Amino acid sequence: MNEKTKMIIEEYAASQTQTAETLLMELGKIPAPSHQEDKRAVFCRDWLLSQGAEDVTIDAAKNVVCKIGVKKDTDLIVFMAHMDIVFPDLEPLTMKQEGRRLYAPGIGDDTANLVNLLMAAKFLLQNKPKMNTGFLIVANACEEGLGNLDGCKEIFRTYGSQIRAFYSFDGSLSNCTCEAVGSYRYKITVKTAGGHSWSDFGTPNAIEILCRLVEGLYRVQVPTEARTTYNVGYIQGGTTVNSIAQEASVLYEFRSTSQKCLKIMQQNFDDILEDMKGAFTIETELMGVRPGNGDISAEALKAFTEKNAEIIQMFCPGEIDYNAASTDSNIPLSLGISANTIGTIAGKNAHTREEWVDLDSIPTGMKIALGLMLQYTEL
């Protein structure tokens, strides 16, 4: 990036700081549980239209998709930040400001990052630089929890053959996710006839069967090609001390950075269930799937990440935290497309109602978001 472009970015961020803060305070009060992002979607669509967007829509997954410089069959770069937050509230979210800290549920994860995406898009809409490729600016749905990355999956179902690179704005300044942690999550339920603990002694007990199943799951040898983990995180079942349990269930997940390892873990899971046979039933419910890294060129991803790191450090000097995580970048990485999830804000207490962001970090994040976009343009 040349000095002229850097100066333009810095001047824009300085001039738009108050606008960004106002936008954050408006957007941060709008509730947006996963699958229920409708109000935020309408707000983001209307805001983009007010900034001069000519092609912005809300798709079937509730993603807000703004096309800039997109022509038929053109290559696309995706810039994304998610609208949903982890809380179920459907009423306006509480917010307070103490000094330069702004407190609200979901204010950092991912509302402030979303604001930086929107503010960078505003520059493109109003200054119309010459573009070397088409952009999809996406305020996406369903990133959190059992949203299962459904919003991002919809983008790749619709535009996947045209997408050449992908950016997600999520997390804190200096964070750069360049490896996907995939996961499969199941609810496993055992059902039996049950009965009285004395008179029906010997009848299959759903809790005992479930314990044997969990023991089998914990004997699995994880593949070593990439880091792979598993966990039983919740168990419930039975009724009283003198009843043979009719039903018991657990929540189980396995994770890996490798899609190949996830497939091995899936086969292990299926084999254990197949071996558990008797006078009972075992039901499995797939709660969510997030893919891991697919067949992607390590060299291409490394070069892509290093180029982005140069832009990040231009505006936020210091060591970059390269990490593996479960983010919207899982989807492109699983498909062999270079992707980074990059943090653009400073704050603390994500996924709590005490979450806060440092308003003074917003201009820095805005510069990073805009700098990453402008590398594909000519001013």
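Predicted model: local features only at pLDDT ≥ 70, side-chain atom pairs only at ≥ 80, totals over all residues.

**Exercise 1. Check the length of helix H7 (residues 298-315) and work out which of its residues are buried.**

Solution. Next, go along the helix and pick out the buried residues, which are Leu301, Phe304, Thr305, Asn308, Ala309, Ile311, Ile312 and Phe315. They cover an arc of only 165° around the axis, so they sit on the same side of H7. Now turn to the other side of H7: there, Glu299, Lys302 and Glu310 are exposed.

**Exercise 2. Find the largest nonpolar core and say which residues have the most contacts inside it.**

Solution. This core has 83 residues, and Leu48 and Phe79 are the ones with the most contacts inside it. Then ask where its residues come from: helix H3 (residues 107-127) gives the largest share, with twelve. Zoom in on Phe79 next. Leaving out residues up to four places away in sequence, its contacts include Leu117, Phe135, Tyr167, Phe169 and Met373. Finally, look for a second core: there's a separate one of 24 residues, with Leu213, Val220, Ala248 and Met276 among them.

**Exercise 3. Work out what the salt bridge between Arg100 and Asp360 ties together.**

Solution. First, check the distance: the closest N and O atoms of Arg100 and Asp360 are 2.9 Å apart. Second, place each partner. Arg100 lies in the loop between strands E4 (96-98) and E5 (101-103), while Asp360 lies in the loop between strand E19 (356-358) and helix H9 (362-374), so the pair ties together parts that are 260 residues apart in sequence. Third, look at accessibility: Arg100 is partly exposed at 33%, and Asp360 is partly exposed at 47%. Last, see who else joins in: Glu21 is linked with Arg100 and Asp360 in a network of salt bridges.

**Exercise 4. Asp150 and Lys153 also form a salt bridge; where do the two residues lie?**

Solution. Both belong to helix H4 (residues 150-159), three residues apart, or about one turn of the helix. As for Asp150, its relative accessibility of 27% makes it partly exposed. To put this pair in context, the structure holds 17 salt bridges. Another of these joins the side chains of Arg45 and Asp46, at 3.0 Å from N to O.

Note on methods
Residues numbered from 1 in each chain as written. Heavy atoms only, no water. Helix = DSSP H or I, 4+ residues; strand = E, 2+ residues; numbered from the N terminus. Expected span 1.5 Å × (residues − 1). Buried < 20%, exposed > 50% of the residue type's maximum accessible area, 1.4 Å probe, protein only. Arc of directions from axis to C-beta. Core = buried A, V, L, I, M, F, W, Y, C linked by side-chain atoms within 4.5 Å. Contact = heavy atoms within 4.5 Å. Salt bridge = Lys/Arg side-chain N within 4 Å of Asp/Glu carboxyl O.
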